[in-house]
Every structure is written in structure tokens, then in C-alpha cells.
Amino acid sequence: MTSLKRSLGSDPLASNISSKVYVRSTKSGKVQKIVRELYLRQDIPCSSKLCTACLKTAPRDAAGFLPPFVLSAAPAGTKKYKQGHYIIPDTNALLNALDLFETSAAFYDVIILQTVLEELRNRSLPLYNRLIGLTKSEDKRFYVFFNDFRLETYVVREKGESINDRNDRAVRRAVKWYDEHLIQAVKAAGGRKEKVPAVVMLSDDKENLRKAKKDGVEACSLKEYVGGLENAEKLLDMISVVQENREIKDAKTAELFYDEYYSVSKMGTGVKNGTLHQGIFNVSPYNYLEGSIKVPAFDKSLIVLGRENINRAVQGDVVVVEVLPKEQWKAPSTKIIEEENMNKDENADAEEGESVVTEKERRALQDEVKKVHSKTSEGRPQPTARVVGVIKRNWRQYVGHVDESSVSKSAKESRKQQTVFLIPMDKRIPKIRVRTRQAGEIVGKRVLVTIDSWDRDSRHPVGHFVRSLGDLETKGAETEALLLEYDVQYRPFPKAVLDCLPAEGHDWIVPPSTDDPGWKDRRDLRHLEICSIDPIGCQDIDDALHARPLPNGNYEVGVHIADVSHFVKPNNAMDAEASIRGTTVYLVDKRIDMLPMLLGTDLCSLKPYIERYAFSAIWEMTPDAEIVKSEFTKSVIKSREAFSYEQAQIRVDDKSQQDDLTTAIRTLLMLSKKFKQKRMDAGALSLSSPEVRVEMESETSDPIDIKTKKHLDTMSLVEEFMLLANTSVAAKIYEAFPQTAMLRRHGAPPKTNFEELANQLKTKRNLDLRMATSKELADSLDTCVDPKEPFFNTLVRIMATRCMMSAEYFCSGTQAYPEFRHYGLASEIYTHFTSPIRRYADLVAHRQLAAAIDYEPLHAAVRSKGKLEAVCKNINVRHRNAQQAGRASIEYYVGQALKGRIVEEEGFVMKVFSNGFVVFVPRFGIESLIRLRDLADVEPEGDFDPENWTLRTSGSREVKVELFGKVVVRISDVLEEGSGKRKVKLELVKTGGK
Amino acid sequence: MAPSALQQILLSPAELSYLHTSLSYTPPIRPDGRTSTQFRPLIAECDILPGTNGSARICFADGTEAIVGIKAEVEKSRPTFREDEDEGKKGRNEWVEISVEIPGFRDDDSMPVFLGAMLSEALLADGSFVERLWINRRFHWKIYLDILLLSQPLSYPLPLLSLTTHLALLSTRLPALKSEQDEDPLFNDDWDAAVYLFPRESDIARPPITLLVMAVGSNIIFDPSKEELAVAESVLAVSVAERPTDDESRSLKLLAVRTIDPPSRLTQPGVANEVNTATGGTAVGSVGERVLKREIKGEKGVWQPPRGGAKRVLVREMIRRVLEPGGVADEVLEGLEGVELG
């Protein structure tokens, strides 16, 4: 009998065939044995510019194009490798110090092995993505070498060898091969042996290093290697501390502060059968010891109280929690606890004698519990929980500053390595313990750090220093900090993106001949009196309007939107970049564009006096604003004028102006008021958020004043027509693509969100807040007025806004039609169409509308539900981040504008805690906390009545602070001693008006 | 009685009679010269199908050949409501699915169905096998045994299929479990870490085997060839398994015995000279007389298909010969142990 097993003996190419076997567990719980056959090749190039042999054999693509070789012919040298060197890191090196590889100071000409890349992907997806980003950047010269597909570098796993050992061996084999290959290549080219660059394996694995030495492979530990570089000290800080720490800890039996996490399978089982719950961990901005998790099984969020229960979870992590027994349920805290103040003088270096919960923390929490227990009958305790495991860490790079008190004075000058605390800008992130040699230098700077690990035996997470952004309070550093903190992509557009721009650049014009393909199916609207109305200084003009009377007494109204989809074709590099950025981010002094400048501010922008491509929505409507007919078309327009809101307002108000353009604006204004009324009747909400504008000195762009935004009629004119266009487009694309239309929805807020506010209004002002429908809410908000206090209504609206859900983009196939509703606008269906220059969603809507009117076929990318869902998910996040970044930027500038000034202003109490209260100052749009201990030198006794939201103090100072109450505060800025951070500080002057 | 369903062998009554006679001698003379307990040589190999959890192939010298592939899947167990089943492992017969494929037969023909039933009967007989498929109280392995006869069923293929299945089970590996207790199972993704369903170095009884035994007169013959089966008076399928013992010696236990309808019953009888007109005999008038004559007179050299079942004494003797220490089953298991896994 001949064996049926694949016999390789007779096959001359047998050595090229191998296979690998592994077990795959699918999501549905299936477990499969997978066998993959590998066909090993010999034409995978080494990609070194020194090598000519590979150049000949390297495979080319269908067009005969050979990807250029990456590795430099003359790589940089170090003290040890004077002849120059290529680096081959193993997985550990990348895991511990990817930040190092990203620096521009060193680490060029790096070979990333396929084995390492795959291992890294299994270990950490974010790091993998960053590495992929690195391999794409041309100047760093990172080359991915597919060693497991090349015959000479493929290694077969031996009997009894672990996968890790096999992979390490594969790395060593590849290093060796590269070394020999380069020597040969240089020899072949007639070069001298001394010229051959060294190939160095970087590893943090001692065993691997030892074996490398035995095999005669050039290898180096990260530390040793970095030590040999020029700016070693800076770079050394960027190596993750995980490893050394572990070694130290192993030596002495470490004390464990936290409970061990459950195993993955245990958590999975628990979540599935409902005994455990999974959700995203959110830390209260007022109390760093209190987190909450929204899980489907409970109406109210689960509360996680105290360090032990939080069990090393960090803001944003996906965690699994276990609900505590009912006796331990508590009401959410009414006390402000800030980490900074609690553990001020902790020593970062001290390892021994610390406990998880400091004495102070314990006392603060105990007070809490007492209070809750006394009131459990009427106070509604919420279920509490403890974290038993983390499914996914959401750690990113954090911006913060070094806690100066944790830096020992003597060490400031010396280069000794020491441990310092880093206080992240985001209050919800715990202090990070960082080991650094540059303590002296980075004090007083904005710095970027990452968290490496948080072990059971460490009270604080351990991280490492990435880079310094600049001095605290300098504009550059603070702006960059903001952008990093909100994950805004602010790097300049890569070359691949710029290559997608029209070759003509700024000289691009609408083709003069109407026979040009660009004119195909485009309507010529150049004869219309079109104008745009935007904020002052607006450069990216998305929209323009026109109106004209028709012979039958109706009006024709047109909204013309920049035709961005003409320039940004689906699935090219520019489209990909725009979909990642998702939105343009506006900061006070800076704009981070979604699309390159050329498009945003020139070619797409509907600038006046110039012909531009547009996407037009044109309606015929009666004077009562009833729509008779609507149509959509691609067009060419020529805007007559670009007004600012103020200019347009002046023009409308000036009776002497009777030209066509002005009358058109008046018509639009008249119609817009009718639209608005209709919307209001349907139950649209008018909500409020504190909006201020920072005025800058034109030269230095230093803030000089803060103004609250004024509202003009012309603003709501534009707004109404944009809403109209958005709603009509939404209906149209939904009709054409019921499964894949890009829409925007705003869910009705759950009643519980409003409970507290309604309660407060009821008890404090005897006002009823009804929220059965948006109409009811809108009406009852209108009744929330205090005749003596005009601002009260706005205050209520601001607070109501915070109870709302946030609107989100979605793909129509993922929701049922009733869920499409936009609650705030009281519209059945809605999308974003009118700002394609600054929002990606609009661009998608443009493409879909173009397909709906048969202008062009729908591209596959905007037809697939899965892809659209991913796009929606991303832009929802980006959108939120952009808003927050914008707000934070204003906040920063408000602080700067107030620098060195002391102002007394009126404010309102928005929130009352047992040991402090929050005051909102409408004039500056700032909101800040006043603690009891800030009231007087000796902290007065506080008596908090949670039923009436009243805080009465006695002792050193006697005041009574009520919710919604008016107070006068002194606003000043203080430089915090410990942190060197400038903060707006409010002091209570008196209660009542000025 | 399981049907023989063998293809009819085209032998003349004279040939059948000759075979029968030689097998009736003491010791019997077999057509291929074997002794009564001697097995035909066979060739076996394991792990021939890389995509399966376990596989084996066996070729018999007469050209019959079978392949068995085994796939395992994780499956949720049906909840039990009986309290007493709570503690300890307990398997269910439905966790094993056997399908037998024989060329020329539909999968619902009686032959493959009976073969499948006999194989699973042996496998499930004492419940120790399904117990091995228990992962935790909520999950178990479901085993799919795909048994494929590659050649025509020349002799009764039961022993071939049984031995191949035995080998395939021996080579079967299951991914190593990482999770604990009643959690959703989580497995090591390293195939090299997978564990054998029947670990070699343990006292776990190996899978059962089923052997075919036939008798002619009082002679008991093992591993009958198709010609021998054609004259068998009774055929028995005996399933045996090892019983775990403390020492090295092997102790066997009987799992199942099935009688199989011998194909010889369907052969054409020979005609005695006495009633054959061609040889000067006289034709018998009525049908009844003819039958009487044929049944009563056992004339030498005239083939008479066997009638009726085996005697108890004979059946007992056949089983004893299978089970006795150093007996046939012992020898076969010994031989199979020598097959290299992987």
C-alpha cells in the first residue's frame, strides 16, 4: 500500500511547501482545526538599496512596476556599529518601546519581520496599527519583510518547541540571513567588507539575546542600544518600565493591592448568562473615586465606588463588573473628591507602606456612606458594582504635567533616574507613575505619556514619558495638548492625499466650454442672483442661497452647496483621510481642516464673483412657505456677494436698499420665519449652550475680550434653509436607498435623564417640566421663566440640553423608521448635506444624492451597509471630539483673557454638593466649583439638604446657597503651586444680585 | 440477525462443497493456508487527513480498504433537570454521530445502516467513551465519525471498519482546554498542545474493536475471507474492549455479540446423484418429497446450504476464543498498538 500522506520525497519543489496548523475559535463558539499550506518563495526582496540581486528577481505588479527599495544604502551608524546598521526588533522590543521607534531622532532603516508583525497584532491591536502607520511613512524607512514566506528564512516548529520559541528562532534566522545576504550583495557589487552595514536584532528577552549570542547573531538589548545613541537620556525614558519593574518586584514578595481579574472565559460566561455585566467605564468628573457603567440590564447606571472596586479600570476601558449585594447599594455622591487634593504629598518613589486607599480617601468615603445610610429610605440608592475584569483597555497617550511636589529637589539638577507623578489633564484619569531621568527639565511642561501597565501590586498605573509639548500655558503647547487629548488628526496631509488634488491647483476654473465633461448633466445657474451669508472671516463657504418670485406668485428658492464630491472621489487617499478626520475642527485661533486647503478655501468654496460647481436644491414654494415642488441638481453658479451675518442684517434693515439681492434676502427672511414657526409648532426645541466668542488682537492673536454671541435674524435665515435642504435630501436619499442612506438621528431622551431637573424645578420654583413629547418639553421650557431674572430661562435650557441624548449619524438599514426621528428638530428624517467641506457625512450624502438623481452610479463604498456603519461610528466620535476640543479651546482662551484681572460678575448656582457648589457665569460662559473650604480661611461647617438642594454654612462664614440662586462671584486666575497650572478661580462674594 | 448483504459469490455447488469439506477437517484447511486464528496481513497508517482531528486508513490484503476521519465540534449540552446528574461527568449517546459510506450503497440502505449501528453499539456500550467528550456541565464535544469504505465490500467489511475506526480514535486529538469549570470553553490555539482523546500513557481503556468469527461444524475460524464466508454455518460479530488493569497484562471485556446472517444461506444447493436424472437417478414426483430427500440425506460431496442457528455451546466457545488471554482479540490489539501515530 502506498501511503496517502503527501509524500514530498519525489517532488523537486518539496522544500518550497510547508504547512502550519492551528486552532481557531470563532465568535459563535466553534472550535476548528485549521491547516494552511505554505508555498515558500525565493523572490521576496531584502529591499536594501545595496542589493542588486534582489532587484532582479523581485516580483513586479501587473503594470510591471517594482515597488522602490526602502532601506538606505548608507544607514546611520552608532558608536558600536560605525559602518552603519539595520535594525530588526523582536516583538518584545516593539511592545515595550514603540514610542522609541516613532521618534525622529533615531531608529531609521528598520526591518519589521512578518513573524513579529503578526505576533504584535495578536498582542496589541493599537500598537500594531501604529506600527503599520510607521511602515507607511517614507522618511522612517521601515520595511516589512515576509520572512515566513521566504524559503531561506522560514523555520519549521520543532517537536516540543513553544510558539514563542519558534518565533524567536525565526527572528534570529532572519537576522542571520540578512547579515549573510548583505555581505554577499556588497561583495557582488565589488564593495569592501567593512562597508557592509551590521544587522542588529533588538530584543528585551534575555533568553533570546543569549541564544543570539550562541548562534553568532548580532543582538542588543533595547537599553544597551539606546545607551549608545546620541541623545540617550531622552530616549531611555521612552522605554516602557514594565519589565524592569517586574524584575524588581519579583525579588521582594510584593504586596497586592487589588483583586485579581477573572479569566476571560469566566467573564464571557458570566456576561452571557447575566451574572456579570459588561460596559464602558466612566469616571465622574467631580469624584475620581466614583465611576459609572451603563449596562443594558439596569435602567440606571451601575456605580463603582472606591479604588478597590474600581480595581484598576481607567476611563473608557471596556470592563466587566459584578453587582454588589443590595445592602451595599448607594446613592450617587454629593461630594466633590479630587485626587489632586486628596493625595497631594504622596511620594512617587515610595513603594512600601502604601495602601490602596489612603487614610484621607477612606475618611472621605466613609462620610459618604454614613450620609447615604441615614437616608436610604427616601434617598434612592443605585446599584453598585465592582470591576472584576477588563475586556479591552482604552489606554491612549495622555497629556498632563508633572506633579512638582513629587520631584525631589536634589534630583532636579541631577540626571538620576527617579519616579515622578504625572497628573493628566483629564481629571478622570488617575495619576500616572513615570520613571524619568529628565525630571528637572520636564517640570512645568506639558508632556505626553502613555500608560504601560497597572499591576495588582501598584497603587497607580505605571507609564513612560513620550515627549514634551512645550511650556505650560504657551499657546503652541496648549493647543497641541488639546488636539492630542481629543484625538484630532493635526498632522499635515500626506503626499498621497495631496496627489489627489486637481493638477491645476489654484488656477483651476470651471471649464469655459459647456461641452466639457465637467458640464455633463450640470445645470447652468450662473444667471441667478446667488449670495452667501456666513460668519465674519469665513473662508470655507459651503452654502449659498437665492430666491426669486415666479410669475404665478410663488417663490423659487435655491440652496447651493459646494460640490465637494466632484473633487473627492470615493476610495482614494484623500477620501480615506477625510473619512478618518471626519470633520473640520475649529479652535479659537486655529482650524484643522478635513480637506486640504486648496479645496476647502478655494476650489470648493463658493466664493463670490467666481464660477463654481455646486449641488443645488431648488424648491418652488408659496408665500406661506408651503413647498410645491422640489428638485435637486448638480449646477454651476456664480455667487454675487459673500455677506457676513452682520452685513446682511444691515442691508435688510436699510430700507433704502432695493436692489435684487437685498429683496431676495428679505424674501428668504420672510420665508425662513414661517418655516421656523412651523417647526416650533411641530415641537422643535430651542436649546441653549453657553456660547462665548473670544476676541483676539489681530496681530499677536492674544485674547483681549470675551463676548457672548449675539443672535441675528440672518443667522436663523441661513439655519432654516439649511434645515430644509437637509430634511429634503434625507427624504430623497432614503427613498432611493432605504438600506444604506446616511442619516442623522436624535433619540428621545429617557425620562430618567430629566427626573432630577424636573424635581429641582418643582421644589425650587414650583415649575412643571413635562417631557412626554418634544412639543411638551418645548412648551414647558417656555414656561420656565422667572420674571425678575431673564437669564433663568436660558439657565434651565442649558441644564435641559445636558440631559439630552446626543445626535448621531447612522445608516438607515440599522434602525427602524420610527427611530429615524430627530427629537430636537422635531423632524421625521434628517441628514447632513449642507457642509461637505467640513463634515464627511455631508460628502457621503452628496454622493448618495448624486446617485439618487442618476447623475452618477453609486460607488460601492457608499453602498455597503457594513462600511457605512464603520464610517458613522468613526464620524460620531470625531464629531463629539471636535466639539469638545472647540469648547476646551474657548475655555483655555477665556482663562488667558482673564489673566491678571479680577472681575466681579453675577453667576448662577447650577449644582449643589455637600461640600461645595458649581457656579455658572454667563458673561464668560465659565462654570466652576466653589468648595466650602474656599469660603473662608477656616472651613465652615456645611449643612446640606439634598431634598431642597440647599447648602447652609455656619461657623467661620454663614451663607445659604440654593440651586438656581443668583450669586456674585469674584473671578480671578490663580497659578496652582503644585502644578504650575493656571486656573480660573471663583470666589463667592455674596449671594443675591449685584 | 444482521443481513449479510454481501455480493453473491459465484461459486458452483461443487466448489462450495469442496470448501466446506476442507474447512470441516481438524484442523481446518483454509483456502489461503492460514491457521484458524491467523489474520490476514494488513497495512495501516494514521493521521492521513490533516484537516481532521484524527484519521486512519487500513488496507486488507484482499484489496479492501477503508478511511476514517473524525471531526470534533464544541456543542452546548442540553440542560438536565435531574438533580442526580449534577455531580460528575456524564455523557450522552447523541454526542457521537457515525456515518458509514460504502460504494454502491445509498446511505439509507440496510447494509451501511447496520454497520453503523454495530460500530456505534460497541463504541457506546459502556458509556466510558461519551464520558470522555464531557467538557463541563454546559458543553461537550460532539464527535463526527465519517467511515468510508474505498473498495467494493468483498468480504464482510465490519472488522475492517472497526479496526480503522479504532485507529482513527487513537489518533484523535482535541484542542487543549484553557478555561475552568463551567465557563464557556476557551481553547489553546496551539495545535501542538492538543491532547489525545485516548492518551497513550494512561490507564484509560482504548476504543473497542469488533471482530468477525465464523464456524463450520465445530471449527471456529477467524477473519474469514469472502470464500470462507460463502460456506459459513454461523457468523458472529464480537465487540470487545480492554478493561483497565493495574498491571501490564491486558484484560478484555465483552461489549456486544451480534449474529450475522451467513451468505451461505443464499447459495444454490447441490443435487444428489440419487435425484439427478442425468446421473441415473430418478426424478421425484412431488415437491414435498424432493425437499425431504434433500434435507435428510447428507450425501458427501453435495453442497447443502446451512439451515438454522448456531448451537449455544458453539457460540460460547467462539466468544471464549475471542476473549481468552493471548487470544485473538489480544493479538489484534497488540498489533494495532504498533501502528505509529502521527
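Visitor: In this predicted model, is R612(A) buried or exposed?

Guide: R612(A) has 25 other C-beta atoms within 10 Å. The cut-off for burial is 20 or more such atoms, so R612(A) is classed as buried.

Visitor: In which strand does R612(A) lie, and which residues does R612(A) touch beyond four places away in sequence?

Guide: R612(A) belongs to strand β24 of chain A. With residues up to four places away in sequence left aside, the residues touched by R612(A) are V510(A), L606(A), K607(A) and I637(A).

Visitor: How far apart in space are R612(A) and K638(A), C-alpha to C-alpha?

Guide: In sequence, 26 residues separate R612(A) and K638(A). In space, the C-alpha to C-alpha separation of R612(A) and K638(A) is 6.2 Å.

Visitor: Which residue of β24(A) stands opposite A562(A)?

Guide: Strand β24 (residues 611-621) of chain A runs antiparallel to β21(A), and eight bridges join the two. Opposite A562(A), the residue in β24(A) is A614(A).

Visitor: Why is strand β21 of chain A described as largely enclosed by the rest of the structure?

Guide: Strand β21 covers residues 555-562 of chain A. The strand is largely enclosed because the buried residues number seven of the eight.

Visitor: Which residue takes a positive phi in the hairpin of β20(A) and β21(A)?

Guide: Strand β20 (residues 543-549) of chain A pairs with β21(A) in the antiparallel sense, over seven bridges; within this pair, D543(A) stands opposite I561(A). Five residues lie between the strands of the hairpin. The residue with a positive phi, near 95°, is G553(A).

Note on methods
Residues are numbered from 1 along each chain as its sequence is written. Chains are lettered from A and ligands numbered from 1 in the order in which they are written. This is a predicted model: local features need pLDDT of at least 70, side-chain atom pairs count only at pLDDT 80 or more; totals for chains, interfaces and linings use all residues. A residue is buried if 20 or more other C-beta atoms lie within 10 Å of its own, exposed if 12 or fewer, and partly exposed in between; C-beta atoms are placed from the backbone. Two strands pair if DSSP finds at least two bridges between them. Two residues are in contact if their C-beta atoms, placed from the backbone, lie within 7 Å.
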